[in-house]
Amino acid sequence: MVDGFIANSLAEALEIRATQDVVPYAGGTDLMVVNRPGLTYLFIGKVPELKRVFVDEQYVHIGAAVTFTEAIHNPDVPTLMKEAISRIAAPAIRNAGTFGGNLGNGSAKADSVLIEFATDAKLRLVSAKGERIIDVDKFYLGRKKLDLAKDELIAEILLPSKGIENYAYTKVGGRNALAISRVSFAGVFASEEGKITNIAAAFGAVADTVLRYKDIEEMLLGKTIAEARELRQDYLQAYSERMVLTRGRVSAEYRKGVCMNLLGDFLTKFGI
Amino acid sequence: MADIHFTLNGQEVAYEGSAADRLLDVLRDTYRCTSVKCGCKEGECGACSVIIDGILHNSCCVAMGAVNNCSIVTMEGYRETDRFKVLSKAFGELSAVQCGFCIPGMVLAAEALLSQNPKPTEEEIREELSGNLCRCTGYNAIVNAVKNAAKEGDGLW
């Protein structure tokens, strides 16, 4: 092999990352579409520390090099995440594509990333010097711009292990298989003693990053379903005013219309 | 850095080129496995499907550095197996092949499915083949061929 590095452990990968100008390669399904000449890859797809899925008190930990197929078959991965990733591309791509790659590619169309936004997931980033845990929305600085230092790797995704059982998820693509999201939506709902405690709504594929407006969500937090129903129109109006979408494969108007419909369906599903 | 070692259709090989080279190109150009077709080079058609360590992959989306110590099967190797004979017969009997371009990938996708799930439902067959595009047959004949192969080859998978 004339170039490239194959890491067998996380320590080895971080050492190479710290000293060489390399592009981390996990599943390769996004990188190889372009395969920009002159890149030196750091192959991390088989690093054991990045392949683990486990649950602790607070989080479901999903290693960055876990493939979508592996996650679909893992009983610890939450249903909402499984529903989204089982619609990514087709089996051969899901056999290779990873959670870390979906994040690292930086696209707002990444189907697993939408779920991470909707569930307030955190990411564990590691380097030879240490590690840091950040909220997924802080990781995205803009279109294809990530808060990831040159010596860092994405190590794992931390999804909340509770409170994401009630959700709405829709992917709108041009066809069933091998479809890049044109618009995607994930909403998570939770209530306690009749009051809404969570009403997260995230929109994918319609702007430079996944969109989520926590201040608008606050309008309905602490409200009963009946109170929320009274506020439905104001809430939808607030989203409609805030969402300034870009044109992509489809027009901005179409995207906006679909986003508002899916948001409305989400409210309706939970009686609002 | 050392060569990339892997097994290709049962034979050990050492690749001396770049770790960033595309598996699809290397299989075709270096090892003359021309059953592996290049349809799109972006993971959207499945014509370049190969089986790596028992799992279906699009070889266009794999860099050589990722296959170190792996075992790769293409149609050149698979055609020597009894399982292939059953699939070949089923595809032939149902005219599931027209131009043939997608067929090596389609057959390997069927193998990947049957090796995990020897008695798939029609829905499972359609799902597992959903990444393999065919512009001739309209898919029904292919799906039926896989269904028949599963029946005929009972015990082989």
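Me: OK, how many salt bridges are there across the interface of chain A and chain B?
Reply: The rule finds 2 salt bridges across that interface. Keep in mind that this is a predicted model.

Me: Which residue of chain B does A:Arg175 form a salt bridge with?
Reply: A:Arg175 pairs with B:Glu44, and the closest N and O atoms are 3.2 Å apart.

Me: And polar contacts between the two chains, how many residue pairs?
Reply: There are 8 residue pairs in polar contact across the interface of chain A and chain B, with both residues at pLDDT 80 or more.

Me: Which helices and strands of chain A each supply at least two residues of the side that touches chain B?
Reply: Strand 1 (5-6), helix 2 (31-34), strand 3 (41-43) and helix 5 (91-96) of chain A each supply at least two. The largest share is from helix 5 of chain A, with 6 residues.

Me: What classes do the residues on that side of chain A divide into?
Reply: The side of chain A that touches chain B has 19 nonpolar, 7 polar and 4 charged residues.

Me: Let's zoom out a bit. How many residues of each chain are in contact?
Reply: On the chain A side it's 30 residues, in contact with 33 residues of chain B.

Me: What area is buried between chain A and chain B?
Reply: About 2300 Å² is buried between the two chains, and carbon and sulfur atoms give 57% of that.

Me: Switching to chain A on its own. What does the domain assignment give?
Reply: Chain A gets domain 1 (48-160) and domain 2 (167-269). The centres of those two domains of chain A, taken over C-alpha atoms, are separated by 21 Å.

Me: How many salt bridges does the rule find across that domain interface?
Reply: Across the interface of domain 1 and domain 2 of chain A, the rule finds 4 salt bridges. Elsewhere on my list for chain A, the side chains of A:Lys214 and A:Asp137 meet in a salt bridge at 3.9 Å, N to O.

Me: And how many residue pairs in polar contact across the chain A domain interface?
Reply: That count is 9 residue pairs, both residues at pLDDT 80 or more.

Me: Now chain B. What are its domains?
Reply: The assignment gives chain B domain 1 (4-77) and domain 2 (81-152). Their C-alpha centres lie 21 Å apart.

Me: What's the area buried between the two domains of chain B?
Reply: It's about 1100 Å², of which carbon and sulfur atoms give 69%. The salt bridge count between domain 1 and domain 2 of chain B is 0, while the rule finds 4 residue pairs in polar contact there, both at pLDDT 80 or more.

Me: Where is A:Asn102 found, then?
Reply: A:Asn102 is in helix 6 (residues 99-104) of chain A. The side chain of A:Asn102 makes a polar contact with the side chain of A:Ser112, at 2.6 Å. Leaving aside neighbours within four places in sequence, the contacts of A:Asn102 include A:Phe68, A:Ile88 and A:Tyr140.

Methods: Residues are numbered from 1 along each chain as its sequence is written. Chains are lettered from A and ligands numbered from 1 in the order in which they are written. This is a predicted model: local features need pLDDT of at least 70, side-chain atom pairs count only at pLDDT 80 or more; totals for chains, interfaces and linings use all residues. Side-chain values use heavy atoms; hydrogens and water are left out. Domain bounds come from an automatic or database domain assignment. A polar contact is a pair of N or O atoms within 3.5 Å; within protein, one must be able to donate a hydrogen and the other to accept it, and residues adjacent in sequence count only if both atoms are side-chain atoms. Contact means heavy atoms within 4.5 Å. Buried area is the accessible area (1.4 Å probe) that two parts lose on being put together, summed over both. Helices (H or I, at least four residues) and strands (E, at least two) are DSSP runs, numbered from the N terminus. Ala, Val, Leu, Ile, Met, Phe, Trp, Tyr, Cys and Pro count as nonpolar, Asp, Glu, Lys and Arg as charged, and the others, Gly among them, as polar.
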